[in-house]
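Dear colleague,

Please find below the structure that I am handing over to you, followed by an account of what was found in it.

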Amino acid sequence: MANTAEQIGRVAVAEDRFMANWGVKVYDYSHRGVHVDLQDMLVSIAQRRALAIEDEVIPLQKIISKRNERLQKYGTVLSKLTELQTQYAGEDTSGKSVSLSGVINSSFTADDFNAIMKTVGYDGVVTGSTLSMSKAAVEGAVARIKSNIDEMNNAAQKDMTRLQAVVDRRDESFSTATTLMTSVSDTRSSTIKNL
């Protein structure tokens with residue numbers, strides 16, 4: 001008990017010195033209606049900043065994940081279009097078709113395939129498990145889908161750069177909060193020991 005009373009006395013002396021030297025009481029600051037000292041308030045601010053930045057990371061990760069799913073679907077369609085394109089040798093323009101049986105499943109439906117084909121200007125509808133297109137239509141669709149994939153890849157690179165910057169800021173904020181907490185603890189221990 002004597003140690004606790006002695007430490008309280010030392011803290012009171014330290015508070016008086018802060019007031020005399022700098023005109024600041026240790027508990028001059030208020031956070032959410034509770035009087036806190038400046039060091040505790042700085043730690044709280046650093047922690048809140050880190051958590052706020054963390055809230056930016058999660059939506060970015062979702063955007064990147066959704067784009068990666070779209071890229072995968074576009075890649076699947078491109079592989080089938082390329083397979084169909086290779087069937088047209090030289091000047092051969094007779095109608096060709098390619099099977100979609102290995103592509104269409106529960107996670108990639110015929111509706112998904114048709115939606116992607118519409119984005120590349122294909123007006124037809126893929127029904128069943130076969131895609132039939134003319135040579136010119138296939139070449140145009142391949143060019144457009146490659147262009148769409150390039151655009152998505154560029155956007156993905158920008159988002160990854162942005163995500164890395166946010167993660168770096170988050171890590172810096174957590175590091176700042178940790179450093180502040182260590183500094184506060186060390187300062188208080190040193191102040192009490194020196195009184």
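Strand β3 (residues 96-99) and strand β4 run antiparallel and are joined by four bridges. Two strands are taken as paired if DSSP finds at least two bridges between them. Ser99 has Thr130 as its bridge partner in β4.

As to the basis of what follows, this is a predicted model, in which local features need pLDDT of at least 70 and side-chain atom pairs count only at pLDDT 80 or more, while totals for chains, interfaces and linings use all residues. Residues are numbered from 1 along each chain as its sequence is written, and side-chain values use heavy atoms, with hydrogens and water left out.

Overall architecture

The protein contains four helices and four strands, and their order along the sequence is α-β-β-α-β-α-β-α. These elements are DSSP runs numbered from the N terminus: helices are H or I with at least four residues, strands E with at least two. Of the 195 residues, 27% count as buried; buried means under 20% relative accessible area, exposed over 50%, and partly exposed in between, with a 1.4 Å probe and protein chains only. The protein exposes about 12400 Å², of which carbon and sulfur atoms supply 54%; accessible areas come from the Shrake-Rupley method with a 1.4 Å probe, and for residues only the protein chains shown count as cover. Among contacts (heavy atoms within 4.5 Å) between residues at least 6 apart in sequence, 70% join residues at least 24 apart.

In β4, Leu131 and Met133 form the covered face, whereas Thr130 and Ser132 form the uncovered one. Met133 belongs to this strand, which spans residues 130-133, and it counts as buried because its relative accessibility is 6%. Beyond its neighbours within four places in sequence, Met133 is in contact with Leu81, Leu84, Tyr88, Lys96, Met117, Tyr122, Val138 and Ala141. One of these residues, Leu84, lies 49 residues from Met133 along the chain, with 8.2 Å between the two C-alpha atoms.

Lys80 counts as buried because its relative accessibility is 12%.

Which residues of helix α3 (residues 110-119) are buried? They are Phe113, Asn114, Ile116 and Met117. These residues lie on the same side of α3 because they cover an arc of only 165° around the axis, the arc being that of the directions from the helix axis to the C-beta atoms. Asp111 and Lys118, on the other side of α3, are exposed. Just after this helix, Gly121 takes a positive phi of about 90°.

The count of aromatic pairs comes to one. Rings of Phe, Tyr and Trp (its six-membered ring) pair if their centres lie within 6.5 Å; planes under 30 degrees apart count as stacked, over 60 as edge-to-face and the rest as tilted. The pair consists of Phe108 and Phe113 and is edge-to-face, at 6.2 Å centre to centre with 65° between the planes. Both Phe108 and Phe113 are buried.

Salt bridges

The structure holds six salt bridges, each defined as a side-chain nitrogen of Lys or Arg within 4 Å of a carboxyl oxygen of Asp or Glu. In one of them, Arg170 pairs with Glu54, the closest N and O atoms being 2.9 Å apart. This pair links distant parts of the chain, since Arg170 lies in helix α4 (residues 135-194) and Glu54 in helix α2, 116 residues apart. Arg170 is buried, with a relative accessible area of 18%, while Glu54, at 23%, is partly exposed.

Arg170 also forms a salt bridge with Asp171 (3.4 Å, N to O), so that Glu54, Arg170 and Asp171 are linked in a network of salt bridges. Asp171 counts as partly exposed because its relative accessibility is 39%.

A further salt bridge joins Asp159 to Arg67, with the closest N and O atoms 2.4 Å apart. Asp159 lies in helix α4 and Arg67 in helix α2, so this pair ties together parts that are 92 residues apart in sequence. Both Asp159 and Arg67 are buried.

With kind regards
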